Amino acid sequence: MNTKFKSFVSVLLICISLTACAVGPDYKPPETNLAPFHSTMGAQGSHEAIALDQWWKGFNDPELVKIIERALAQNLDLQASVARVNQARAVAHGSAAQLLPTLFVDGSVTGKRQSLEGPFGSVAKSAPGFRHSYINYVVGPVASWEIDIFGGLRRGSAAADAEAQAAEADQTGTRISVAADAADAYFQIRGYQSRLDIAEQQIADDEHLLKLVHARANAGAASEREIAQAEALLKQATASIPLLRIGLERQLNRLDVLMGVQPGTYAKELKPVKDVASIPAISSMTPVDVLRRRPDIIAAERRLAASSERIGQAISDYYPKVSLAALLGFDSLTSANLFKSAAFTAAGTGAIRWQILDFGKVDAEVAQAKGENAEALALYRQSVLRAAEDVEDSLVTLQQTNLHVGEVKGQVQALLKARNLSEQAYKAGAITLTDVLHADRELLTARDDLMAKRVDTARAAVGVFRALGGGWDQPQTNNK
């Protein structure tokens, strides 16, 4: 081994050892302290709590489970989010590859006729064996390597990794939203179907009342005015049907789109009217649990980490860039001699590039990176506060809606009894038809309100599961 080669190897080893350095700040996850949630959990459900990763199974409704699993398999927004994750992972892989040498094979054939009157030809034409026309063949592998002495490439690779992890968290958030939206649409469908059933039952009751009034009128015990009032009550119940059908169709269409199919595809599967499922209990969670589980917070924290790494990447431009290149190959003026030992050629190059004067370009890039980091920190903190707000709002909505359902149940029972007593009293001639109509209207309103509030309770439970980050299998370790 000659002295020059030893010197080259020594320089190379020194450069490699320096790559342990990396300029810029080392990222540390921000500390977030939240007080315990002031709204309580765990007491709302009618049966035991279910695991958050598949919360929809806690409603004990096989149709709901089938719909959500179908939506998770077919939803197009979810498929798009998976594609975005693949893109981000590809970028991260490409950034990591920049840390390693690049090796490629280069080959060329060059034909040239040398001018005899040019600076070189005019001197060399008199030399023995001079050829002013020739073809040159070159082939061989070429390697190049930028040695990451100050960590700019490593910072960029770490930032790309963090951004890929943020994309994965976004994809998880899309999964949670798809499951929650599918459940929300399903419960609204069941609610509209039940409310239509209630309206149709009310129409049957009002038709019975109208027949009663006609019978009394034929007997001379009721007036035309009472007949008109009974007919108006019947039309009022009938008029509620179109609006309920509009709401039902919209939710059926919404659910089909969530399942990635044309509206009307799966509507027939939900034709049988089914009562709204009872809700499961909700396991208590601390703010720390929510911070670790909510995909939006995970994504915000990973983007914060990426922005911190970008600062170091920008700062590295203050320092010199060192690169190595090597060539091993064959160079010959004839193709017959191209791969002979005499045609073998080798070359090695070490280069350094350092921006001495850039009129503040790097300063601006560093300032921009620091500004993006400050923005990412503010967005992270905001996402934490919004997550806490989301949990508190969803919990209080579930609590109060559940209480409202209990009150309306009692109201319906009382109004049903009052309505039946009013009809009996009307038959006996003890009260006027107006009292019966009033009781009938109040009963219809209360029964419809009860069903709507039962749907609201199921939807509120879905909102709690969404707010808590339920709907995915959280890994045992995370990036925080």
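User: What should I know about the model before reading it?

Analyst: This is a predicted model, in which local features need pLDDT of at least 70 and side-chain atom pairs count only at pLDDT 80 or more, while totals for chains, interfaces and linings use all residues. Residues are numbered from 1 along each chain as its sequence is written, and side-chain values use heavy atoms, with hydrogens and water left out.

User: In which order do the four strands form the open sheet?

Analyst: Strands are DSSP runs of E with at least two residues, helices are runs of H or I with at least four, and both are numbered from the N terminus; two strands pair if DSSP finds at least two bridges between them. Here the order is β1-β2-β3-β4, with antiparallel pairing, and the edge strands, each pairing on one side only, are β1 (102–113) and β4 (344–353). Neighbouring strands of this sheet are turned by 25° against each other on average, direction ignored.

User: How many bridges join β2 to β3, and which residue of β4 is the bridge partner of Val 322?

Analyst: Strand β2 (residues 133–147) is joined to β3 by nine bridges, and β3 (residues 321–332) pairs with β4 over 10 bridges. Val 322 in β3 is the bridge partner of Ile 147, and its bridge partner in β4 is Ile 352. Gly 329 has Thr 345 as its bridge partner in β4.

User: How do I read the crossing of α8 and α9?

Analyst: Axes are lines fitted to C-alpha atoms, for helices over the stretch in contact, and angles run from 0 to 180 degrees between N-to-C directions. The axes of α8 (residues 295–315) and α9 (residues 361–427) come within 8 Å and cross at roughly 165°. Angles over 145 degrees count as roughly antiparallel, and α8 and α9 are therefore roughly antiparallel to each other.

User: Is Gln 193 buried or exposed?

Analyst: Buried means under 20% relative accessible area and exposed over 50%, with partly exposed in between (1.4 Å probe, protein chains only). Gln 193, which lies in helix α5 (residues 152–218), has a relative accessible area of 8% and is therefore buried. Contact means heavy atoms within 4.5 Å; not counting residues up to four places away in sequence, Gln 193 touches Leu 248, Leu 270, Lys 271, Pro 272, Val 273 and Lys 274.

Terms used: Angles under 35 degrees count as roughly parallel, over 145 as roughly antiparallel, 65 to 115 as roughly perpendicular and the rest as oblique.
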